[in-house]
Amino acid sequence: MKKIEAIIKPFKLDEVREALSELGVSGLTVTEVKGFGRQKGHTELYRGAEYVVDFLPKIKVEVVVPGELLDTAVEAIIKAAHTGKIGDGKIFVSTVEQVIRIRTGETNESAL
């Protein structure tokens, strides 16, 4: 099993969720986060004063998928989240050792 963590632009969330649903991914976790990458934030003007916005709003989508679904899930996220502009985000993939569904006690892939 693999865990996919995708940091995306907030307005792309619905497209990413729909793309994963079409693959049969039944659950995901979404968190509102702030951060920056190469773009290093930007400056804004507010009431005549200029200030730096270091941390930009992003969405973190976390989903655990069976190993055989990994490549198609990553491709679906890339396709749905892509704008071609700076700040599109990143995808991190890691191995999941064990999953346990608390309600039923099911483990591993049956718990997904």
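## Lysine 58

The side chain of lysine 58 reaches the backbone oxygen of glycine 87 at 2.7 Å. This is a polar contact, that is, a pair of N or O atoms within 3.5 Å; within protein, one must be able to donate a hydrogen and the other to accept it, and residues adjacent in sequence count only if both atoms are side-chain atoms. The model is predicted: local features need pLDDT of at least 70 and side-chain atom pairs count only at pLDDT 80 or more, while totals for chains, interfaces and linings use all residues. Residues are numbered from 1 along each chain as its sequence is written, and side-chain values use heavy atoms, with hydrogens and water left out.

Lysine 58 belongs to strand S5, residues 56–65. Strands (E, at least two residues) and helices (H or I, at least four) are DSSP runs, numbered from the N terminus. Lysine 58 is buried but has no salt bridge. Its nearest side chain of opposite charge is that of aspartate 88, 7.2 Å away. Here Lys and Arg count as positive and Asp and Glu as negative, with His and the chain ends not counted. Buried means under 20% relative accessible area, exposed over 50%, and partly exposed in between (1.4 Å probe, protein chains only). A salt bridge requires a side-chain nitrogen of Lys or Arg within 4 Å of a carboxyl oxygen of Asp or Glu.

## Strand pairing

Strand S1 pairs with S5 in the antiparallel sense over seven bridges; two strands pair if DSSP finds at least two bridges between them. Lysine 3 has valine 64 in S5 as its bridge partner. S1 also pairs with strand S6 (residues 89–95), in the antiparallel sense and over seven bridges. In that pairing, isoleucine 8 stands opposite glycine 89 in S6.

## The nonpolar core

The largest nonpolar core contains 19 residues, and Ile4, Ile8, Val16, Leu20 and Val65 have the most contacts inside it. Two or more residues come from each of strand S1 (2–8), helix H1 (13–22), S5 and helix H2 (70–81). H2 gives the most, with seven residues. Such a core is a set of buried Ala, Val, Leu, Ile, Met, Phe, Trp, Tyr and Cys residues joined through side-chain atoms within 4.5 Å.

Apart from its neighbours within four places in sequence, valine 16 is in contact (heavy atoms within 4.5 Å) with Ile8, Ile77, Ala80 and Ala81.

## Salt bridges

The structure holds six salt bridges. One of them joins the side chains of lysine 60 and glutamate 5 (3.3 Å, N to O). This pair links distant parts of the chain, with lysine 60 in S5 and glutamate 5 in S1, 55 residues apart. Lysine 60 is partly exposed, at 22% relative accessibility.

Aspartate 88 forms a salt bridge with lysine 9, their closest N and O atoms being 3.9 Å apart. Aspartate 88 lies in the loop between H2 and S6 and lysine 9 in the loop between S1 and H1, 79 residues apart. Aspartate 88 counts as buried because its relative accessibility is 16%, and lysine 9 is buried at 14%.

## The segment after S6

Threonine 104 is placed in the segment after S6. Its side chain makes a polar contact with the side chain of glutamate 106 at 2.8 Å. Asparagine 108 also lies in the segment after S6. Its phi is near 55°, a positive value in a residue other than glycine.
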